[in-house]
Amino acid sequence: MVHAQFDQTARQQLALRIVDAKTRQDLTWQELADTAGLSIAFVTAALLGQHPLPADSAKAVAERLGLDEDAALLLQTIPLRGSIPGGIPTDPTVYRFYEMLQVYGTTLKALVHEQLGDGIISAINFKLDFKTVEDPDGGHRAVITLDGKYLPTKPF
């Protein structure tokens with residue numbers, strides 16, 4: 001049976017335990033994603049309290065991290081989503097994503113509507129990919145792909 005959370009507290013506490021176990025075992029998010037058999041973006045979000053994991057993935061990750069059956073069960077529940085409390089984010093990395101949306105949000109909206117029509121990009125039927133590439137000018141670049149299904153607005 002599918003179960004849902006109505007409060008973020010339990011998943012936030014579990015996320016703290018997960019990050020602690022990950023750190024103590026010197027694991028990467030990719031290693032945990034491999035254990036779960038799912039993408040790094042989805043598993044990382046799930047372990048940080050934003051998605052449920054399928055039962056087999058939840059059990060495998062809990063075992064890898066040395067967590068109990070209760071943790072594996074909690075990882076399977078649908079969380080109350082949202083990882084940024086009210087107001088402008090203060091963490092510099094999270095703030096830069098906020099800044100990107102402040103600067104480019106209206107541009108993205110205009111392009112979606114011009115090319116696809118009146119509607120939204122789903123965050124439910126969605127894929128996220130993250131990779132790093134070498135910058136020809138030196139250093140690295142982050143390549144982030146947001147891939148969401150277009151859902152047209154339907155008159156009623």
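This is a predicted model: local features need pLDDT of at least 70, side-chain atom pairs count only at pLDDT 80 or more; totals for chains, interfaces and linings use all residues.
## Exercises on helix packing and aromatic contacts

**Exercise 1.** Classify the packing of helix 2 and helix 3 by their angle, and describe the residues in the contact.

*Solution.* Step 1: the axes of helix 2 (residues 29–36) and helix 3 (residues 40–47) lie 9 Å apart, at an angle of about 95 degrees. Step 2: angles of 65 to 115 degrees count as roughly perpendicular, and helix 2 and helix 3 are therefore roughly perpendicular to each other. Step 3: helix 2 contributes Trp29, Gln30, Leu32, Ala33 and Ala36 to the contact, while helix 3 contributes Ile40, Val43, Thr44 and Leu47. Step 4: sorted by class, the contact of helix 2 with helix 3 comprises 7 nonpolar and 2 polar residues, with no charged residues.

**Exercise 2.** Identify the residue that lies over the face of Trp29 and give its distance from the ring centre.

*Solution.* Step 2: over the face of the Trp29 ring lies Lys22, at 4.8 Å from the ring centre.

**Exercise 3.** Find the aromatic pair of the structure and classify its geometry.

*Solution.* Step 1: searching the whole structure gives 1 aromatic pair. Tyr95 and Tyr98 form this pair, with 5.8 Å from centre to centre and 45 degrees between the planes. Step 2: planes under 30 degrees apart count as stacked and over 60 as edge-to-face, the rest being tilted; the pair of Tyr95 and Tyr98 is accordingly tilted. Step 3: both residues lie in helix 6 (residues 92–116), 3 residues apart, about one turn of the helix. Step 4: Tyr95 counts as partly exposed at 28% relative accessibility, and Tyr98 is partly exposed at 29%.

**Exercise 4.** Decide whether Glu69 is buried or exposed, and locate Glu69 relative to Met1.

*Solution.* Step 1: Glu69 is placed in helix 5. Step 2: exposed means over 50%, so Glu69, at 70% relative accessibility, counts as exposed. Step 3: Glu69 and Met1 are 68 residues apart along the chain, and their C-alpha atoms are separated by 16 Å.

Key
Residues are numbered from 1 along each chain as its sequence is written. Side-chain values use heavy atoms; hydrogens and water are left out. Rings of Phe, Tyr and Trp (its six-membered ring) pair if their centres lie within 6.5 Å; planes under 30 degrees apart count as stacked, over 60 as edge-to-face and the rest as tilted. Helices (H or I, at least four residues) and strands (E, at least two) are DSSP runs, numbered from the N terminus. Buried means under 20% relative accessible area, exposed over 50%, partly exposed in between (1.4 Å probe, protein chains only). A charge sits over a ring if NZ of Lys or CZ of Arg is within 6 Å of the ring centre and within 35 degrees of the ring normal. Axes are lines fitted to C-alpha atoms, for helices over the stretch in contact, and angles run from 0 to 180 degrees between N-to-C directions. Angles under 35 degrees count as roughly parallel, over 145 as roughly antiparallel, 65 to 115 as roughly perpendicular and the rest as oblique. Contact means heavy atoms within 4.5 Å. Ala, Val, Leu, Ile, Met, Phe, Trp, Tyr, Cys and Pro count as nonpolar, Asp, Glu, Lys and Arg as charged, and the others, Gly among them, as polar.
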